[in-house]
Amino acid sequence: MARFARWYGSGPLHLLVLIASFALTGYALVRLFAVQPWEVAIWFVGAAILHDLILLPLYSLADLSALSVLRHRAADGPTVPWINHLRVPAFLSGLLLLVWFPFVLRLAAPYPGDTGLSDSMYLGRWLAITGVLFAASAVAFAMRLRRVRRLGRSDKNRPAAEHGAAP
């Protein structure tokens with residue numbers, strides 16, 4: 001088992017799940033290409049171009065901007081890694097917007113006629129979900145900061161012998 005992990009880089013379960021995910025993806029591609037080959041090919045090329053040439057530079061710039069603006073803090077306090085508490089809700093909110101943007105921006109003209117439902121609720125719901133994601137992330141960050149501060153306070157109250165220092 002150790003030899004396999006050294007050769008592959010992970011355990012056999014990881015390899016099995018990876019093979020299964022590639023098999024499922026291949027099956028889905030075969031089924032899609034059988035029905036609409038040109039549309040699928042155009043979609044893949046368009047998605048690659050959209051992501052690599054437009055979205056990646058945009059969210060890399062936003063990430064670097066957040067790091068440069070928010071990195072100036074007092075050095076004497078406890079430090080908690082904070083950037084992922086911004087990245088995760090922003091990613092999830094952006095993903096929801098990417099999936100539902102025709103409805104959020106009211107660009108889906110045939111939607112109300114086809115379903116009988118209004119598309120006016122999507123913007124408010126997307127904003128509410130975004131707010132909940134950032135609020136939950138802020139609560140998780142506050143709890144981590146509180147735990148680190150509490151541990152830092154208890155370390156200061158311990159005698160030096162408990163820290164391994166010689167008396």
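**A conversation about the model**

Guide: This is a predicted model.

Visitor: Where is M121 found?
Guide: M121 sits in the loop between α5 (110-115) and α6.

Visitor: And how far apart are M121 and V104 in space?
Guide: Their C-alpha atoms are 8.0 Å apart, while in sequence the two residues are 17 residues apart.

Visitor: Which residues make up the largest nonpolar core?
Guide: That core has five residues, namely F103, V104, A108, Y122 and W126. Helices α4 (84-104) and α6 (122-157) each supply at least two of its residues. In soluble globular proteins, nonpolar side chains tend to be buried together.

Visitor: Let us change topic. Is S93 buried or exposed?
Guide: S93, a residue of helix α4, is buried, with a relative accessible area of 6%.

Visitor: What does S93 touch?
Guide: Leaving aside residues up to four places away in sequence, S93 touches W126, T130 and L133. With T130 there is a polar contact between the two side chains, at 2.7 Å.

Visitor: How many salt bridges does the structure hold?
Guide: The structure holds one. In it, the side chains of R87 and D63 meet at 2.8 Å, N to O.

Visitor: What does that pair tie together?
Guide: R87 lies in helix α4 and D63 in helix α3 (residues 37-70), so the pair ties together parts that are 24 residues apart in sequence. R87 is partly exposed, with a relative accessible area of 35%.

Terms used:
Residues numbered from 1 in each chain as written. Predicted model: local features only at pLDDT ≥ 70, side-chain atom pairs only at ≥ 80, totals over all residues. Heavy atoms only, no water. Core = buried A, V, L, I, M, F, W, Y, C linked by side-chain atoms within 4.5 Å. Buried < 20%, exposed > 50% of the residue type's maximum accessible area, 1.4 Å probe, protein only. Helix = DSSP H or I, 4+ residues; strand = E, 2+ residues; numbered from the N terminus. Salt bridge = Lys/Arg side-chain N within 4 Å of Asp/Glu carboxyl O. Polar contact = N/O pair within 3.5 Å; in protein donor to acceptor, adjacent residues only side chain to side chain. Contact = heavy atoms within 4.5 Å.
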